Amino acid sequence: MLKFNVRGENIEVTEAIRDYVEKRLSKLEKFFNYAGDSIAHVNLKVYSDKKYKVEVTIPLPYLVLRAEETSPDMYGSIDLVTDKLERQIRKYKTKINRKSREKGVKEFQMPEVPEKPAEDEKKFEVVRTKRVSLKPMDSEEAILQMDMLGHDFFIYEDAETEGINIVYRRQDGRYGLIEAGDED
């Protein structure tokens, strides 16, 4: 069951907007075979040039869905972001089903850790810390997760070697792989 946390920045979230968001995003539930509750975090923003930005993040046990869209129409942005999320889900499910129907979907989560205030200002100050739970997967699934999160890199545990690997997006648009371990 999908629950909604709808927030507005520079806009009052009216009942009509909230209902429209819930109606559109509820259509994504048909893709989930997950019995638990998930919260869709929806952030609506209005800019001074009358552009509306809609950001949606849906953390699930096996992946994090995230999309954002900006347009001159609030309802249009909601439609666009819903379509984008649906494409992400279809792409993810197609790849996972193609890989291994009997294995099922591996669990993935990336909980946020609250920021700690810096004691001393230093040249290389860490301004944000995230703690990740590494789940076994292959490089193809890691690239898919990275793309869905909109990141340029992704850290994971290799399912075969049980080593820690990093996939990243290169400047030429292709992907790179870094395998941690002893150099031979």
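**Entry 1**

I started with Tyr 75, which counts as partly exposed because its relative accessibility is 31%. The model I am reading is a predicted one. I then looked for aromatic pairs and found one in the structure. Its members are Tyr 20 and Tyr 75, and the arrangement is edge-to-face. I noted 4.8 Å from centre to centre and 85° between the planes. Tyr 20 sits in helix α1 and Tyr 75 in helix α2 (residues 74-99), so the pair ties together parts that are 55 residues apart in sequence. I also looked up Tyr 20: at 22% relative accessibility, this residue counts as partly exposed. The limit for buried is under 20%.

**Entry 1: The whole chain**

Next I stepped back to the protein chain. I counted three helices and eight strands. Read from the N terminus, the order of elements is β-α-β-β-β-α-β-α-β-β-β. The chain has 184 residues, and buried residues make up 33% of them. I also looked up how far apart in sequence the contacting residues are. Of the contacts with a separation of 6 or more, 44% are between residues 24 or more positions apart.

**Entry 2: Helix α1**

I went back to helix α1, which covers residues 15-26. Its 12 residues reach 16 Å from the first C-alpha to the last, close to the 16 Å expected at 1.5 Å a residue. Which residues of α1 are buried? I found Ile 17, Val 21, Arg 24 and Leu 25. Seen down the axis of α1, the buried residues fall within an arc of 90°, so they line one face of the helix. On the other side of α1, I found Glu 15 and Lys 23 exposed.

β2 pairs with β1 in the parallel sense, over eight bridges. In this pairing I noted Leu 2 opposite Ser 38 in β2. β2 is also joined to β3, by six bridges, and these two strands run antiparallel. Here Val 46 stands opposite Tyr 52 in β3. β2 and β3 form a hairpin with five residues between them. In the turn, Lys 50 has a positive phi of about 65°.

Thr 57 counts as partly exposed because its relative accessibility is 25%. Leaving aside neighbours within four places in sequence, I listed its contacts as Ile 39, Ala 40, His 41, Val 64, Leu 65 and Arg 66. I also looked up Thr 57 against Val 42: they are 15 residues apart in sequence and 6.7 Å apart in space, C-alpha to C-alpha.

**Entry 3: The nonpolar cores**

How many residues are in the largest nonpolar core? I found 26. Those with the most contacts inside this core are Val 42, Leu 44, Val 54, Val 56, Ile 58, Leu 65 and Leu 85. The elements that give two or more residues to the core are β1 (2-9), α1, β2 (38-46), β3 (52-59), β4 (64-71), α2 and α3 (139-149). The largest share, six residues, comes from α2.

I followed Leu 85 further. Not counting residues up to four places away in sequence, Leu 85 touches Leu 25, Leu 28, Val 56, Ile 58, Leu 65, Arg 66 and Ala 67. I also found a second, separate core of nine residues, which includes Met 146, Leu 149, Tyr 156 and Val 167.

Four strands form an open sheet in the order β5-β6-β7-β8, with mixed pairing. β5 (136-137) and β8 (175-179) stand at the edges with a single partner strand each, so one side of each is left without a neighbour in the sheet. Strand β7 (residues 164-169) is joined to β8 by five bridges, and the two run antiparallel. I noted Ile 166 opposite Ile 178 in β8.

Where is Asp 152? I found Asp 152 in the loop between α3 and β6 (153-158). At 51% relative accessibility, Asp 152 counts as exposed, since the limit for that is over 50%. Not counting residues up to four places away in sequence, Asp 152 touches Met 146, Val 167, Tyr 168 and Arg 169. Asp 152 and Val 167 are 15 residues apart in sequence, and their C-alpha atoms are 8.4 Å apart in space.

Definitions and conventions: Residues numbered from 1 in each chain as written. Predicted model: local features only at pLDDT ≥ 70, side-chain atom pairs only at ≥ 80, totals over all residues. Heavy atoms only, no water. Expected span 1.5 Å × (residues − 1). Buried < 20%, exposed > 50% of the residue type's maximum accessible area, 1.4 Å probe, protein only. Arc of directions from axis to C-beta. Phe/Tyr/Trp six-rings, centres within 6.5 Å; stacked < 30°, edge-to-face > 60°. Core = buried A, V, L, I, M, F, W, Y, C linked by side-chain atoms within 4.5 Å. Contact = heavy atoms within 4.5 Å. Pairing = 2+ DSSP bridges.
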